[in-house]
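Please open the model in your viewer and keep the selection panel at hand. The tour goes from one selection to the next, and each stop says what is to be found there.

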Amino acid sequence: MGKIILTGDRPTGRLHIGHYVGSLRRRVELQNSGKFDEIYVFIADAQALTDNIDNPEKVRQNVIEVALDYLSVGLDPSKTTIFIQSQIPELCELSFYFMDLVTVARLKRNPTVKTEIEMRGFGKSDDSAENFGTGLPVGFFTYPISQAADITAFKATTVPVGEDQEPMIEQAREIVRKFNSVYGEVLVEPEIMLPENSACMRLPGTDGKAKMSKSLGNCIYLSDSSEEVWAKVKGMYTDPGHLQVSDPGKVEGNTVFTYLDAFCKPEHFDKFADKFVGKKVSFEFHSLDEVKDQYRAGGLGDMMIKNFLYAVLEDTLSPIRERRKQFEQDIPAVYRMLQEGTAKARAKASATLDEVRRAMKINYFDDADLIAQQAEAFRNK
Ligand code: TRP
């Protein structure tokens, strides 16, 4: 059996550095590792519409933004099939069949759905509450089912996602087991692939809040200019108790250090050493641990570590920004790429659906045996 990757993003905004360390960076490595037979990365516009019903224009505009973000981080359409979810009707078809395999009670217990119901103002998420999900669209409630269809239509073995998606993958696995036990071994149980370290699991916002989110205005976008990145880094949350350079500082919960944990590479110490020469405090460190020790001991100012972080971030972001500019010059070509990817993805999903229909005994017109047997039975009646 081949190794197949599938993952995707909702097009509700441009992608930010949280997406990058949580998922995009890994996807590009996996793509280039040569260890996978097929790789699918898709723009989950239909899923985005489940809680943006009245904002189709937002979803539409962000499809191209996400596609540009994909290309600029190094996803390569010759290795990775990039497609748009809504253009694959087989995914709706498979979701419809999966709906028979999942109970309402199980969906209500999905932790991600539970949190999101309240977060999005769809009512109470407590199962026993009288006003449970009073404003909850059925399509949103059932999106774990549709997500299971996204994954299984491609027979994905490996799904690289953030930890918030764990309940989704677990639910998909259950659906696969149920399907295969009722209809026979057709579908593949996917494995989740989580980010490599805890800083990457969930990068906090620049304000230190638990999550980067557009509505909180605490994101650094992959498409931000250098000036925007510096302005955001300069304003970042550090240790509120670290007032004087000489004061001991806290590293834990200090967003600048969390970002360094996620972005800093050993080579950055050589590369940026001279950047800080001539400043009041010279930045002579050879590892992030040394920087942290000095910060804890006192004598390392916030501006110094912010300058270093900025250099580290720019090392990653400036090539991404440059590539994005190039792709932005030819938007029709980006759409052609998406259209080709979608056609390729559709062929795969369609082949899986052929198997699914056969297993579910709803393949009437291409089942010559069925027609012959019934013809015989009725003749002999
Ligand atoms: N729910 C995912 C998110 O919000 C996006 C998504 C939709 C997805 N379908 C998927 C991710 C299938 C992985 C596999 O980020």
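How many residues surround the ligand, and which are the closest? Select the ligand in this predicted model and display its surroundings: 13 residues surround the ligand, and the closest are Phe42, Gln47, Gln147, Asp150 and Gln165. If you colour this shell by residue class, you will find six nonpolar, five polar and two charged residues.

Gln47 places a polar side-chain atom 2.8 Å from a nitrogen atom of the ligand, while for Gln147 a polar side-chain atom lies 3.0 Å from a ligand nitrogen. At Gln165, an N or O atom of the side chain is likewise 3.0 Å from a nitrogen atom of the ligand. Taken alone the ligand exposes 370 Å², of which the protein buries 90%.

Now show the surface, and you will see the ligand sitting in the largest pocket. To relate its shell to the fold, select strand S1 (4-9) and helix H8 (143-152), each of which supplies at least two residues of the shell around the ligand.

For the last stop, turn to charged pairs, bearing in mind that side chains of opposite charge can pair when their charged atoms come close. The structure holds 27 salt bridges, and one of them joins Glu38 to Lys348, with the closest N and O atoms 3.1 Å apart. This pair links distant parts of the chain, since Glu38 belongs to strand S2 (residues 38-43) and Lys348 to helix H16 (residues 331-359), 310 residues apart.

Note on methods:
Residues are numbered from 1 along each chain as its sequence is written. This is a predicted model: local features need pLDDT of at least 70, side-chain atom pairs count only at pLDDT 80 or more; totals for chains, interfaces and linings use all residues. Side-chain values use heavy atoms; hydrogens and water are left out. A residue is near a molecule or strand if one of its heavy atoms lies within 4 Å of it. A polar contact is a pair of N or O atoms within 3.5 Å; within protein, one must be able to donate a hydrogen and the other to accept it, and residues adjacent in sequence count only if both atoms are side-chain atoms. Accessible areas come from the Shrake-Rupley method with a 1.4 Å probe; for residues, only the protein chains shown count as cover. On a 1 Å grid over the protein atoms alone, a cavity is a set of points where a 1.4 Å probe fits but cannot get out, and a pocket is an open set with protein on both sides within 12 Å along at least five of seven lines; lining residues have an atom within 4 Å of a point. A molecule sits in a cavity or pocket if more than half of its atoms lie within 2 Å of its grid points. Helices (H or I, at least four residues) and strands (E, at least two) are DSSP runs, numbered from the N terminus. Ala, Val, Leu, Ile, Met, Phe, Trp, Tyr, Cys and Pro count as nonpolar, Asp, Glu, Lys and Arg as charged, and the others, Gly among them, as polar. A salt bridge is a side-chain nitrogen of Lys or Arg within 4 Å of a carboxyl oxygen of Asp or Glu.
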